[in-house]
Each structure stands twice: as structure tokens, then as C-alpha cells.
Amino acid sequence: MQKLDRLGWAAGVAFTSFGLSIGVRVNTPDVPADVLACLPPGWVRQDSPVVDYLLSLRLGGVRPRPGVREFHLLYSELRPSTRTTDRDVALTILETEIQLHIARQAQNRVFVHAGAVGWRGRAIVLPGKSHAGKSTLVKALLEAGATYYSDEFAVFDAQGNVHPYPRRLSLRRPGGMDRVPAESLGAETGKDALRVGMIVRTEYRPGAEWQPQRLSSGKTLMELASHAMPEVTQTAAGQDALGHLALSVPAYRSFRGEAVSAAADILRAMDALPLSPHERSSP
Amino acid sequence: MNPITRKKGLTIKQMGDEAVIFDTESGAVHHLNRVAEMVWRSCDGRTDKEALARMVERVCNVPEAGEAVDLALEQLSRRGLMTIPIERADAVRRMNRRVVLKGLAKAMAIPAVLTITAGQARARTLSYCLYPCPGTNFVVDGVIVNGFCINSFPCPQPAVIVVVA
């Protein structure tokens, strides 16, 4: 750590998120706004500079001298994480490192790689690996009137309710990626935990039609476990939360065509699901 | 010697007539369908293969389930879920077994054990390319050769793969 400490860190931010104390230090006089934008939703600045997990981001020059390539360097604790000339790549990986640390270590919460939206008081959870089309489908659901919870991590409590993790949506475009707040799509962001109404495992296939097949509870648990952090599935709390979800929530699997028509199909399927006794008794 | 399942280091979630087993030693997660679960649950060291076969025959209503039991035991053993490893059948026997299993398929009497290893789960959650495949808005799994991604959408730009250890 001493060698790394000597690189000359000028500013930093220490914060808490999901019960974890995390720090990011940089070599610039202030923490740039685009670095702060990489912090997780709901982060709270902490007074103490002592943190449990430290990321060090050395930003290369904006205008490098001729013939000199100035790299952006990112370290996760002591481990070199990234060395790149592309600032966006460095920031994306910074955000990913923070998210993954939280997903592995969060207290009383289970993180599953999944999109999540709210629809008429219940949540739809869409497990899928990173950047496999979840955000595109979440965007289509938001445009159809759903409430935004997350495009990357569904955050569950022990009762299986999903909590908001409303980071900016990652929408790919040729040659790069746009980070878009849900508000700019005209969508509301969820504030309260929601009971999960349906789990949908879907992948894009050109020309595919929506033909959902009900998954057994065992296969649902496998889907959830395979998209959760391995560290989480090895804890009793993680296994219990996912097991409870798999037993209590209907799950479907289907290939999908274009996101807009798949979103309409999913919302129709959600409306057709009967309410649980608890939901029927709610006002 | 009668087959015995391993219990140490495993957490079992009973999901109806299926089971999901979390292996805390290897980090793997296994899904056992009805037949595999039945065989796994019954391997207590006192039950021989013939008794296991009779159990599957009774529950699945099939005439002959010996091969299904053998297959289940091999699958469970290969995944480290048995205390004593069970040898895999030779090629001739496996070929003959296929014919028998075809007959059991209709009765859903074929055992199946699906496994996600910790490495696979990690790869699913921790690695991806930062750029979309050409003509799409998402990334399709590909193989990286000399820094370029080779898949059904050949990508002209160098792959930028995030792999977080």
C-alpha cells in the first residue's frame, strides 16, 4: 500500500452504502463530478476518512503531450484493476468495482444481476448477465409506464421484497454506451420495497416470439443463484432469501423479439397473474 | 457397497419434488430433478441399487429403472455429491443405456443434474465487453482472439472486456 500511497492522491470521498464504508481517492484537486456520478444510488458521505474498501483512481492528463500516452489507472485496494487511455472505460470500471463490492458484501440484502421494475404495486424481476439486453428491456418497460427500480441489480431483503437500486440506465449505442437517468425517459423511480410479482428470464433472439414457459421452483432458484454473486449464494441468508423467492413467485422463461413488444407481453402477463392473499387485503 | 451421498459442506433446499444443493466447499450450485433427487435422498448406505430402481419404478410408473439409477449415481458422483466415487459406464454400456432411457423419457423418469460452478457464476456476473455487438444494443458471448471478439457478429473494434477478479 505504501508504494500506491506515494502516487500523490489529492482528494477523495468516503461514503457509506448498504452498510459498507467505501472510499475513492483521486489525483485531482477535487473529486470530479463524473467520478461522483459513479457512486452507488443512495450513497451517504461519511465524515471519517477511514474506510473498509478503498479504490484509487489516477486520472491521466486531459491533453497529453505529443508522443506521450497518459493512462488512467484504477486500483481496487492494492490490485491493479484498469489501465486505459479511455476515461469513460476507467469510470465504467470504477462504477462496476464499487457495485460488485456492494453486491458481495452488503449487509441484510441479496444482490442478483437483474433488471427490476414496479408495475401496479408489484415488481417484475428480469435476471440476466451484465449488458445482455436487460437495460433495453427495462427501458421499454419504463416507456410503457412501469416504475424504475434497477437495470443491473435487483436488491432483495430476507422477505424477498425488492428494493430500489436506481442507478443511471446503461444503454448501448454503436461505438459506446449512454448513461441515462430514468427521469429522462419520463419514468418514476421507485422509493419503497415491493413484493415481487413475477420473475422473467428472457434473451433476445431476432424474430423470436414471446412464448413463456413456467419454470419450476427448483429451476427458478437455479436462475436466481446463477445470477447472484457466488459469495452470496454461499451464505445461509442468501440461500434462504433466494429459496423463499423461488417458492413464492411465479417465474417464466422465453426468448424475446424486440424489446417494445416483449415489454407489452410481460406487462399483460403480469396483469393476468392473480393477486396473493396479502395483496388482495391491501388497500 | 451401497451408494452413500455426501452431506458435509452441503446445504439442501427442497423445492417441491426437486432439490437445489449449495456446495459450500466448491461454490457450485446443483439442481436435481425429481428422479435425481429421489436417488440422492435415498442413498443412505443401506439401500442398494436394486431397491433404488424399484423406488423409481414405483414413483414414475415405469417397468425398468436400473439404467436411470445408474445414470443418476454417475451424475451425482461426477459432481462430488457421493462419498465414494462411482465409475462411469463404458462406451458400449452408455450406448445401450441411451436406448433404454428413450423409453423412460415419456414417463419423465430420466435423472438430470444441472450444475453452475462458482467459476461459471463468476463469469456470468463479472465479465463482459463494454461495447455492443455490431447492429445490436447488447453483447453476445464471444471468444476473444488477439484482442478481437469472434462471434456471430464479428466485431471490427478491439474488445474491451471487464473482468473483475
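**Strands, sheet and burial**

In this predicted model, strand β5 (residues 72-76) of chain A is mostly covered, with five of its five residues buried.

Q: What makes the residues of β5(A) count as buried?
A: A residue is called buried when its relative accessible area is under 20%. Five of the five residues of strand β5 of chain A are buried, so each of these falls under 20%.

Q: Which residues point one way from β5(A), and which the other way?
A: A:His72, A:Leu74 and A:Ser76 point one way, while A:Leu73 and A:Tyr75 point the other way; all are buried. In a regular strand, side chains alternate between the two faces of the sheet.

Q: How do you know that β4(A) and β5(A) are paired?
A: Pairing requires at least two bridges between two strands. β4(A) and β5(A) have four bridges, in the antiparallel sense, and therefore meet the criterion. Within this pair, A:Ser56 stands opposite A:Tyr75 in β5(A).

Q: What makes β5(A) and β6(A) a pair as well?
A: Five bridges join β5(A) and β6(A) in the antiparallel sense, and at least two are needed, so these strands also pair. The bridge partner of A:His72 in β6(A) is A:Thr84. The hairpin of β5(A) and β6(A) has two residues between the strands, and A:Glu77 there takes a positive phi near 55 degrees.

Q: Why is the pairing in the six-stranded sheet of chain A called mixed?
A: Strands of a sheet pair through backbone hydrogen bonds, either parallel or antiparallel. Strand β2 (residues 20-26) of chain A runs parallel to strand β4 (residues 53-58) of chain A, with five bridges between them, and A:Ile22 stands opposite A:Tyr53 in β4(A). By contrast, β4(A) and β5(A) pair in the antiparallel sense. Both senses occur in the open sheet, whose order is β3-β1-β2-β4-β5-β6 (chain A), and the pairing is therefore mixed.

Q: What makes β3 and β6 of chain A edge strands?
A: β3 (44-45) and β6 (79-84) of chain A each have a single partner strand, so one side of each is left without a neighbour in the sheet.

Q: How many helices and strands does chain B have, and in which pattern?
A: Chain B has five helices and eight strands. Read along the sequence, they follow the pattern β-β-β-α-α-α-α-β-α-β-β-β-β.

Q: What share of chain B is buried?
A: Of the 165 residues in chain B, 47% are buried, which means that this share has a relative accessible area under 20%.

Terms used:
Residues numbered from 1 in each chain as written. Chains lettered and ligands numbered in written order. Predicted model: local features only at pLDDT ≥ 70, side-chain atom pairs only at ≥ 80, totals over all residues. Heavy atoms only, no water. Buried < 20%, exposed > 50% of the residue type's maximum accessible area, 1.4 Å probe, protein only.
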